[in-house]
Amino acid sequence: MANTPLLKVDNVGIQFGGLKAVSGVNAELHQGELVGLIGPNGAGKTTFFNLLTGVYVPTEGQIMLNGERLNGLAPYQITRKGISRTFQNIRLFGELSVLDNVKVAYHSLARHSILSSILRLPSHFSGEKEMEEKAIEFLKIFKLDGLRYEMAKNLPYGQQRRLEIARALAAHPKLLLLDEPAAGMNPQETRELMELIAFIRKEFHLTILLIEHDMPLVMGVCERIYVLDHGQLIAQGSPEEIRNNPKVIEAYLGEEVS
Amino acid sequence: MANINRKKGFWLSIVLALAVYVVGQVLISGEILNSFYINTLFFMAINIILAVSLHLIIGITGQFSIGHAGFLAVGAYASAIFTMKLQMPFGVALLVGGLAAAVAGLIIGIPSLRLKGDYLAIATLGFGEIVRIFLLNVDYVGGASGMQVSHLTDWTWVFACLLVTIIVIVNFTNSTHGRACISIRENEIAADAMGINTTYYKVAAFAIGSFFAGIAGGLYAHNFYIIQPTNFGFLKSFDILIFVVLGGLGSMSGAVIAAVLLTIVSAFLQDYPETRMIIYSLVLVIMMIYRPKGLMGTKEITQFFTKKRQGIEGGESDGKHTAA
């Protein structure tokens with residue numbers, strides 16, 4: 001392809017002691033794509049996310065975002081470069097209100113310093129006001145503005161997932177990583193989630209990489225799918241190709257008895 | 001509307017603060033309080049400063065530090081050196097005490113804040129002990145026999161320091177920077193993933209907390225006529241920790257209330273030094289059984305007044321939400 005990919009993962013791997021959790025993964029994500037990442041439990045999908053977001057530093061290969069090398073950057077730096085994520089097990093700031101959860105994601109865009117906040121200079125008030133307005137705007141998009149003063153831990157599960165996605169988006173990512181967003185959701189909630197993902201993708205011109213076990217969801221929304229097994233990329237292609245790929249079937253169901 | 005409320009709250013706090021100051025000053029200069037009560041009052045204010053400064057580190061940022069007496073000691077000795085050896089004015093000495101403690105906070109914070117939970121607690125405990133042993137062996141500050149300090153602490157200084165401490169920490173907490181710290185307490189991995197420079201904020205909170213502990217140290221040193229390394233042992237650290245835990249982790253007003261109550265309790269138990277620690281411990285045990293979240297939980301006193309308004313506002317938009 002002519003244009004440079006948004007994300008280029010080049011032969012990336014990580015080793016924990018003697019265990020190769022992920023090795024030799026190559027992937028490319030282009031602007032605006034919605035790509036799925038699937039694989040059996042323990043295949044290394046979340047580890048791969050952790051590599052992309054800087055939680056782990058890859059022991060081999062390199063990760064490039066818009067041609068910029070990300071290896072070795074701290075997670076908060078990578079977030080500021082434009083990769084944001086949600087977590088498999090929800091990690092909201094439970095004791096903070098819904099509104100404050102989103103405001104935290106806006107923090108890196110705040111220009112007022114600690115000193116101006118302590119002295120309550122005008123820049124503090126204007127900065128905080130701007131954050132508040134933007135955060136409320138965001139909550140409206142996600143239909144959470146009615147709950148803005150509720151503590152995040154008191155929200156029902158489905159709305160916690162929603163809030164986590166809202167928070168990730170508030171950090172203004174170019175690439176959004178969703179780690180099993182539909183886990184624990186009922187079919188109705190999953191359907192709403194699919195609509196939400198399609199909506200935010202259009203609205204924010206996002207590129208999305210999605211880990212998911214819910215196959216109808218993955219097959220339904222993703223344009224391309226990568227399949228990981230035992231830390232290695234075993235297949236990639238359109239949902240149709242993946243569905244008929246013997247290697248994938250083998251990884252999920254085991255080898256055929258001959 | 002919010003603006004008017006904010007202004008009203010601002011002036012109300014100023015009037016309230018002035019009133020407290022004037023009442024204190026009248027009580028002291030009118031000789032209505034005897035020296036025991038005056039001393040208790042000063043001690044209470046110093047304890048509040050300590051409690052609030054540790055609250056920023058433990059309650060807000062969630063970094064379990066139990067070496068706060070170390071910063072108190074650094075502030076106490078640094079300010080005492082400035083007044084007694086270098087003949088500097090008290091105000092300068094207080095500031096130097098605070099800055100010295102903040103520098104100590106940076107030095108200890110940058111390496112040890114990589115540690116989490118129990119490990120950080122042990123590292124800070126170790127720091128407190130190092131400071132104590134170090135002071136014990138330095139002849140310049142009198143070693144074990146301690147250092148003579150003149151009595152310079154008065155109500156004006158105590159009150160001014162207390163006020164500044166509370167204002168700074170409240171303003172810090174109620175800003176995006178405070179929220180960044182709370183997000184670290186709530187979930188460090190998520191905070192990191194949201195673009196918060198967690199190391200920076202942990203160190204910043206630690207340095208601000210130690211700065212005020214150092215100020216408290218200056219006031220403490222000049223309130224008695226002598227300071228000795230034994231005043232700053234780990235039991236002192238635990239005293240401060242107890243204010244924060246008893247008040248409720250995450251609640252500044254809780255820490256203040258706990259500091260006030262426990263100062264009174266321990267002042268009146270001073271005549272029974274044998275039973276003092278027993279009663280003190282009993283209070284804690286009972287507290288932890290019946291109110292494990294502390295006196296205030298994570299709530300602040302002001303929330304009891306604003307709750308109503310917010311409740312109505314929330315209710316209205318809730319209604320809209322369901323109708324839509």
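Reader: Which residue in β4(A) is the bridge partner of A:V9?

Author: In this predicted model, A:V9 is bridged to A:I63 of β4(A).

Reader: What makes β1 and β4 of chain A a pair of strands?

Author: Strand β1 covers residues 7-16 and β4 residues 60-65 of chain A, and 5 bridges join them. At least two bridges are required, therefore β1(A) and β4(A) count as paired. The two strands run antiparallel.

Reader: How do you know that β1 also pairs with β2 in chain A?

Author: There are 7 bridges between β1(A) and β2(A), and the requirement is at least two, so this is a pair as well. Its sense is antiparallel. One of the bridges has A:I14 with A:V22 of β2(A) as its partner. The two strands form a hairpin with 2 residues between them, and A:G17 there takes a positive phi near 60 degrees.

Reader: Why are β2 and β5 called edge strands of their sheet in chain A?

Author: The sheet is open, with 4 strands in the order β2-β1-β4-β5 and antiparallel pairing. Strands β2 (19-29) and β5 (68-69) of chain A each pair on one side only, and they are its edge strands. Helix α1 (residues 45-52) of chain A lies across β1, β2 and β4 and runs at about 65 degrees to β2(A).

Reader: What makes β6 and β10 of chain A the edges of the other sheet?

Author: This open sheet has 6 strands in the order β6-β7-β8-β3-β9-β10 of chain A, with mixed pairing. β6 (83-85) and β10 (232-237) each have a single partner strand, so one side of each lacks a neighbour in the sheet. On average, neighbouring strands are turned by 20 degrees against each other, direction ignored.

Reader: How do you know that β9 and β10 of chain A are paired?

Author: Strand β9 (residues 224-229) and β10(A) share 5 bridges in the antiparallel sense; at least two are needed, so the pair stands. A:Y226 is opposite A:Q236 of β10(A). Helix α10 (residues 246-253) of chain A packs on this sheet, touching β9 and β10, and its direction makes about 130 degrees with that of β10(A). A:V227 has A:A235 in β10(A) as its bridge partner. β9(A) and β10(A) form a hairpin with 2 residues between them, and A:H230 in the turn has a positive phi of about 50 degrees.

Reader: Why are α2 and α6 of chain B described as roughly parallel?

Author: The axes of helix α2 (residues 35-60) and helix α6 (residues 155-173) of chain B cross at roughly 15 degrees and come within 9 Å. Angles under 35 degrees count as roughly parallel, and therefore α2(B) is roughly parallel to α6(B). Their crossing is left-handed.

Reader: What makes three of the residues between α2(B) and α6(B) polar?

Author: On the α2(B) side the contact includes B:S53, and on the α6(B) side it includes B:T165 and B:T173. The whole contact divides into 13 nonpolar, 3 polar and no charged residues.

Reader: Why is the pair α3 and α10 of chain B given another label, roughly perpendicular?

Author: Helix α3 (residues 68-85) and helix α10 (residues 234-247) of chain B pack at about 110 degrees, with axes 7 Å apart. The range for roughly perpendicular is 65 to 115 degrees, so α3(B) and α10(B) fall under that label. B:H68, B:A69 and B:L72 of α3(B) meet B:F234, B:K236, B:S237 and B:I240 of α10(B). These divide into 4 nonpolar, 2 polar and 1 charged; Lys is on the charged list, so B:K236 is the charged one.

Reader: Which parts of chain A touch chain B?

Author: The contact takes 31 residues from chain A and 30 from chain B. On the chain A side, α2 (75-81), α3 (98-106), α4 (114-118) and α5 (122-141) each give two or more residues. That side has 13 nonpolar, 8 polar and 10 charged residues.

Reader: What separates the two domains of chain A, and what joins them?

Author: Domain 1 is 7-88 + 156-253 and domain 2 is 96-150 of chain A. Their centres, taken over C-alpha atoms, are 28 Å apart. Helix α6 (residues 157-170) of chain A gives 6 residues, the largest share of the domain 1 side. By class, that side has 4 nonpolar, 1 polar and 3 charged residues.

Key:
Residues numbered from 1 in each chain as written. Chains lettered and ligands numbered in written order. Predicted model: local features only at pLDDT ≥ 70, side-chain atom pairs only at ≥ 80, totals over all residues. Contact = placed C-beta atoms within 7 Å. Axes fitted to C-alpha atoms, helices over the stretch in contact; angles between N-to-C directions. Parallel < 35°, antiparallel > 145°, perpendicular 65-115°, else oblique. Left-handed = near helix turned anticlockwise from the far one by under 90°. Domains from an automatic or database assignment.
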